[in-house]
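Biologist: Hello! Could you walk me through this structure, one question at a time?

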There are 2 protein chains.
Amino acid sequence: MGSQVKDRTPEAWKAPEPRTSFWLLFTAAQILLLAAVTLVLFWVLKFHKFAWREDPANEFYAHPVLMIVGLIFFAGEGMLMYRSLEICVKHRFYIKLAHTICHFLAIPAIVMGLITVLDSHQLRFPPIPDFYSLHSWVGLVTISLFALQFAVGFTSFIVFLCCDTNTAAFRAALVPIHGTMGLVTFLLSIVAAISGLTEKAIFSLGKDYSTILLRPESRAGIEGLVMNSLGAVLIALAIVMPFVLRQRRPQYQLVQVVENQN
Amino acid sequence: MGSQVKDRTPEAWKAPEPRTSFWLLFTAAQILLLAAVTLVLFWVLKFHKFAWREDPANEFYAHPVLMIVGLIFFAGEGMLMYRSLEICVKHRFYIKLAHTICHFLAIPAIVMGLITVLDSHQLRFPPIPDFYSLHSWVGLVTISLFALQFAVGFTSFIVFLCCDTNTAAFRAALVPIHGTMGLVTFLLSIVAAISGLTEKAIFSLGKDYSTILLRPESRAGIEGLVMNSLGAVLIALAIVMPFVLRQRRPQYQLVQVVENQN
């Protein structure tokens with residue numbers, strides 16, 4: 001098993017991934033992102049209601065919807081846009097613009113999502129303390145990473161428009177780090193969502209949560225199954241997204257297999 | 001920004017990553033894996049105790065310890081072994097052997113971890129239903145993926161010993177899928193652990209959980225902070241591990257950058 005190069009002609013280079021599997025995975029990811037938004041809306045509209053500060057207990061329910069819309073849907077779409085447009089669009093400006101717009105749309109949702117949960121804690125009597133639970137710790141780390149990623153990405157995008165050539169090497173080195181950190185941030189959003197759903201299911205369904213499979217026809221049974229199904233969709237996204245995102249633009253990075261990877 | 005190949009001589013090929021950053025990240029991951037095991041043991045030994053079937057409420061506490069030892073520690077070590085030995089060891093047999101042994105050691109821990117939680121539900125009076133919570137759903141998916149990964153990896157390892165050359169291409173194509181799925185399984189283990197810690201903190205600390213930052217000197221305050229710190233270590237692992245694992249053996253896969261990735 002020497003490290004002998006088998007064929008050095010560029011024609012023998014193998015692109016890392018076929019495109020068919022990319023589009024299949026892309027479609028699956030799109031369906032799952034839409035399913036997550038649909039299920040969180042269905043849960044809140046069927047079993048609870050949206051409210052503003054006059055009703056802090058119901059104001060809470062804007063929190064999971066806004067966070068899933070911001071950190072899962074828009075952030076997920078932003079990452080999918082980047083990878084899919086790489087295949088069809090020649091100019092990187094448009095790819096980066098679409099990627100930036102998706103993440104930009106996530107910001108108001110995340111900020112409002114944070115405000116609604118803080119309101120729903122502080123405006124109650126007695127108030128509920130903030131940032132004590134593991135869910136809130138995961139959430140804080142996730143939002144901090146999202147903010148860092150947005151700052152780095154946006155600065156790099158502006159720099160790219162102003163002084164492209166001088167900073168090209170530095171920005172190229174940043175791309176894989178930004179990509180990996182983006183996927184990590186997305187997966188931490190899923191950790192935050194699943195721990196938040198767990199918290200809320202125990203608080204809001206109480207002892208009935210443990211009977212959702214025994215009495216699935218009860219009100220608590222249906223609500224528990226809807227919340228668990230939302231969680232199941234998020235688990236499926238955690239499996240599918242890393243496979244979509246590891247597929248690179250074939251003509252951009254040609255990989256030559258120099259040895260059998262057995 | 002054409003897709004022009006800049007330099008086709010093998011000397012101009014750039015290995016994907018420098019090695020210094022790999023060893024720094026590797027060390028950080030090792031410290032975090034040890035910290036996770038230490039914290040889960042400290043939590044159980046300081047605030048609870050281990051028991052067998054005569055005391056199902058305390059038998060439960062073997063579950064988080066065994067699952068973190070199996071799905072986080074041994075599975076994490078298995079992945080780290082693969083990446084680190086790739087750099088030092090020439091023969092892939094030894095790399096694969098170390099990788100397989102680590103995952104093999106995880107199996108009894110995972111099986112016992114599953115038995116202890118089922119026992120602690122079923123041997124109580126009244127029994128607690130199984131597999132109703134989102135945590136248990138994430139756990140089931142994680143264990144299924146672990147089993148699938150082990151079966152695929154082990155079969156491929158045996159095939160590699162018996163009929164190496166005939167199946168080389170197929171097994172080489174499997175490597176990146178097995179790698180991505182391995183990382184996904186590890187990250188789902190973290191989702192399962194954090195949702196499980198969330199569940200247990202609410203059930204076992206009750207209303208005191210929300211006061212852990214207000215009264216950190218209380219018994220519930222200390223236990224809550226230990227549980228949240230264990231969660232924080234797992235979040236850090238979810239950030240560090242994807243960066244360690246994306247670093248490939250430089251001499252095995254040479255990447256030529258054919259265009260600026262700005």
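This is a predicted model: local features need pLDDT of at least 70, side-chain atom pairs count only at pLDDT 80 or more; totals for chains, interfaces and linings use all residues.

Biologist: Which residues line the largest cavity?

Modeller: Residues are numbered from 1 along each chain as its sequence is written, chains are lettered from A and ligands numbered from 1 in the order in which they are written, and side-chain values use heavy atoms, with hydrogens and water left out. On a 1 Å grid over the protein atoms alone, a cavity is a set of points where a 1.4 Å probe fits but cannot get out, and lining residues have an atom within 4 Å of a point. For the largest cavity, the lining is A:Leu187, A:Leu188, A:Ile190, A:Val191, A:Ala238, A:Pro242, B:Val184, B:Leu187, B:Leu188, B:Val191 and B:Ala238.

Biologist: What is the volume of the largest cavity?

Modeller: Rolling a probe the size of a water molecule over the atoms shows where empty space is left. Grid points are joined across faces, edges and corners, and a volume is the space filled by probe spheres set on the points. The structure holds three cavities of 30 Å³ or more. For the largest cavity, the volume is about 80 Å³.

Biologist: Which helices each supply at least two residues of its lining?

Modeller: Helices (H or I, at least four residues) and strands (E, at least two) are DSSP runs, numbered from the N terminus. Both chains take part here: the helices are helix 6 (168-205) and helix 7 (219-245) of chain A, and helix 6 (168-205) of chain B.

Biologist: How many residues of each class are in that lining?

Modeller: Ala, Val, Leu, Ile, Met, Phe, Trp, Tyr, Cys and Pro count as nonpolar, Asp, Glu, Lys and Arg as charged, and the others, Gly among them, as polar. Sorted this way, the lining of the largest cavity has no charged residues, no polar residues and 11 nonpolar ones.

Biologist: In what order do the elements of chain A run?

Modeller: Chain A has seven helices and one strand. Starting at the N terminus, the order is α-α-α-α-α-α-α-β.

Biologist: Is A:Arg83 buried or exposed?

Modeller: Buried means under 20% relative accessible area, exposed over 50%, and partly exposed in between (1.4 Å probe, protein chains only). Of the 262 residues of chain A, 53% count as buried. A:Arg83 has 13% relative accessibility, so A:Arg83 counts as buried.

Biologist: Which residue forms a salt bridge with A:Arg83, with closest N and O atoms 3.2 Å apart?

Modeller: Side chains of opposite charge can pair when their charged atoms come close. A salt bridge is a side-chain nitrogen of Lys or Arg within 4 Å of a carboxyl oxygen of Asp or Glu. At 3.2 Å between the closest N and O atoms, the partner of A:Arg83 is A:Glu86.

Biologist: How many residues apart in sequence are the parts tied together by B:Arg53 and B:Asp119?

Modeller: The side chains of B:Arg53 and B:Asp119 meet in a salt bridge (2.5 Å, N to O). B:Arg53 lies in the loop between helix 1 (19-47) and helix 2 (56-59) of chain B and B:Asp119 in helix 4 (residues 92-122) of chain B, so the pair ties together parts whose separation in sequence is 66 residues.

Biologist: How many salt bridges does the structure hold over all chains?

Modeller: One of them joins the side chains of B:Glu86 and B:Arg83 (3.2 Å, N to O). In chain A, A:Arg83, A:Glu86 and A:Arg92 are linked in a network of salt bridges. Over all chains, the number of salt bridges is eight.

Biologist: Where is A:Pro126, whose peptide bond from A:Phe125 is cis?

Modeller: Most residues other than glycine have a negative phi, and most peptide bonds are trans. The bond from A:Phe125 to A:Pro126 is cis, with omega near -5°. A:Pro126 sits in the loop between helix 4 and helix 5 (134-162) of chain A.

Biologist: What is the phi of A:Phe131?

Modeller: A:Phe131 lies in the loop between helix 4 and helix 5 of chain A. A:Phe131 is not a glycine, yet its phi is positive, at about 55°.

How values were computed. On a 1 Å grid over the protein atoms alone, a cavity is a set of points where a 1.4 Å probe fits but cannot get out, and a pocket is an open set with protein on both sides within 12 Å along at least five of seven lines; lining residues have an atom within 4 Å of a point.
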